[in-house]
Amino acid sequence: IWWLDPELTYGISKPFVFTQGHSVCNRSFFPCFDTPAVKCPYSAVVKAPPGMQVLMSATQSTYKEQEGVYEFYMEYPVPAYLVALVAGDLVPADIGPRYDIVFLPPSFPIVAMENPCLTFIISSILESDEFLIIDVIHEVAHSWFGNAVTNATWEEMWLSEGLATYAQRRITTETYGAAFTCLETAFRLDALHRQMKLLGEDNPVSKLQVKLEPGVNPSNLMNLFTYEKGYCFVYYLSQLCGDPVRFDAFLRAYIEKYKFTSVVAQDLLDSFLAFFPELREQCIDSKTGLEFERWLNATGPPLAEPDLSQGSSLTGPVETLFSLWTTEPLDVAAASGGVDITKWQTFQTVLFLDRLLDGSPLPHEVIAKLSECYSAQLDGMNAEIRIRWLQIIVRNDYYPDLHKVRLFLENQMSRMYTIPLYEDLCTGPLKPFALEVFYQTQSQLHPNLRKTIQQILAQGLNPLLAIDTAAAPALAADAPAAGPEDKAPEAANGAVSLRDVNVSA
């Protein structure tokens with residue numbers, strides 16, 4: 001349960017509260033069987049003071065104004081983690097047919113959450129149309145995969161996330177074209193391989209059927225393997241039947257059979273082979289090197305990845321420009337004069353910047369010329385783009401643009417943008433700069449985020465200085481104990497930046 005004082009809301013006039021149940025947090029909200037294997041309808045009565053609107057993830061609601069009482073009823077069985085509440089000074093906006101989306105303050109701990117009839121999305125994403133489109137479609141896809149048909153155990157979270165990602169990309173392909181979908185997929189698979197490089201190919205968290213050890217928070221298993229390796233397996237299944245439309249028909253039959261229940265991977269795979277008996281006869285589940293069992297239990301990258309050649313019209317210019325800037329010796333005229341990135345789609349720009357980030361630190365001549373060519377243009381772009389350029393500045397210790405990092409952190413309260421910058425600032429000579437900026441901005445941060453940044457700043461300090469920092473009046477805010485999303489970052493040499501794991505639920 002997240003409580004926000006008025007000054008941490010956009011209206012700064014009324015307090016605000018919201019809940020985040022995924023994965024096992026709703027046990028602190030109400031008594032429940034906090035497992036996705038158990039589903040039931042629910043009802044709730046909520047009393048609120050005048051001027052406070054209350055919403056819940058329910059199919060029916062009434063409001064008794066004289067009593068200040070809201071009544072909610074969810075008629076379909078749902079797991080405990082999908083019960084959600086939000087209350088505050090909510091400003092309505094008509095977005096067409098009834099589908100409630102609440103844009104939450106920047107303190108929302110993840111990007112988005114698929115609460116039934118009440119999707120939560122972090123407001124920071126609003127300035128990036130393409131990321132917003134993807135997040136909304138992904139959460140809508142969870143209406144079928146995750147909400148109607150739920151993974152029975154958190155060890156098989158890919159059954160929700162992999163299928164929802166596949167459905168999301170089927171929708172974007174039909175709506176925005178194959179090139180756009182291939183571009184977004186290339187961007188995500190780049191991030192998957194980056195995460196795999198950091199974690200190691202033998203890391204057990206890269207399995208689709210990951211083992212959940214006692215005492216481990218299931219939220220710690222939410223990573224890009226759950227989404228992208230899961231997606232690659234579902235995409236592989238769709239290719240086996242030879243026609244995406246036939247696979248759509250299978251998915252509809254699968255949902256109809258298992259709706260409002262919880263399933264395991266074998267339920268999905270048995271249904272797939274029953275729907276396509278010709279594939280069962282071919283023993284396709286035992287095809288050498290691509291065995292279904294291997295897909296589920298092998299560590300490392302996906303056994304097969306989709307053909308993204310239909311996106312070459314969008315990814316090709318990115319690869320060309322990246323090559324021009326990273327080929328030695330640098331041909332400044334060719335690199336700076338070839339492409340107008342202001343005409344690019346957001347996913348093209350972030351793909352380009354991510355690859356520059358992967359290559360950082362860059363030669364000083366390259367970073368100086370990159371700043372000369374693009375810094376002013378990037379200033380006017382959305383936060384998803386700006387955060388990556390600022391990380392390039394920090395990882396290259398490029399002091400002429402450091403004031404832009406300060407300005408960004410002075411005006412940004414979202415953990416999805418502040419934490420990656422503080423992580424990068426604290427791994428090199430810019431740590432004193434990070435401390436200075438934090439001292440000046442901490443009052444505008446949510447206590448949980450403040451606590452997380454304190455932990456990042458304390459990494460690598462000698463014990464006496466770490467104690468002094470924690471005790472200093474400027475840092476001694478009454479922050480609650482760190483939650484599962486607020487665990488201290490790992491040492492820099494093994495850390496996985498939030499840029500690499502920041503995903504929607």
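## Basis and confidence

The model is predicted: local features need pLDDT of at least 70, side-chain atom pairs count only at pLDDT 80 or more, and totals for chains, interfaces and linings use all residues. Residues are numbered from 1 along each chain as its sequence is written, and side-chain values use heavy atoms, with hydrogens and water left out.

The average pLDDT (the predictor's confidence in each residue, from 0 to 100) is 90 for the protein, and 91% of the residues score at least 70. Over residues 462-503 pLDDT stays under 50. For residues 462-503 the model has 71 contacts beyond four places in sequence, a contact being heavy atoms within 4.5 Å.

## Cis peptide bonds

His22 and Ser23 are joined by a cis peptide bond with omega of about 5°. Ser23 sits in the loop between strand 2 (16-18) and strand 3 (39-47). Helices (H or I, at least four residues) and strands (E, at least two) are DSSP runs, numbered from the N terminus.

Another cis peptide bond links Glu328 to Pro329, with omega of about -5°. Pro329 belongs to the loop between helix 9 (312-326) and helix 10 (332-337).

## Positive phi

Cys117 is a residue other than glycine with a positive phi, near 65°. Its place is in the loop between strand 9 (112-113) and strand 10 (119-122). With a relative accessible area of 27%, Cys117 is partly exposed; buried means under 20% relative accessible area, exposed over 50%, and partly exposed in between (1.4 Å probe, protein chains only).

Phe260 likewise has a positive phi near 65° without being glycine. This residue lies in the loop between helix 5 (244-258) and strand 12 (261-263). Phe260 is partly exposed, at a relative accessible area of 32%.

## Cavities

The model has 4 cavities of 30 Å³ or more. A cavity is a set of points, on a 1 Å grid over the protein atoms alone, where a 1.4 Å probe fits but cannot get out; lining residues have an atom within 4 Å of a point. Grid points are joined across faces, edges and corners, and a volume is the space filled by probe spheres set on the points.

The second largest cavity has a volume of about 80 Å³. Its lining includes Trp154, Trp158, Lys207 and Asn223. The lining residues of this cavity divide into 8 nonpolar, 2 polar and 2 charged, where Ala, Val, Leu, Ile, Met, Phe, Trp, Tyr, Cys and Pro count as nonpolar, Asp, Glu, Lys and Arg as charged, and the others, Gly among them, as polar.

Definitions and conventions:
On a 1 Å grid over the protein atoms alone, a cavity is a set of points where a 1.4 Å probe fits but cannot get out, and a pocket is an open set with protein on both sides within 12 Å along at least five of seven lines; lining residues have an atom within 4 Å of a point.
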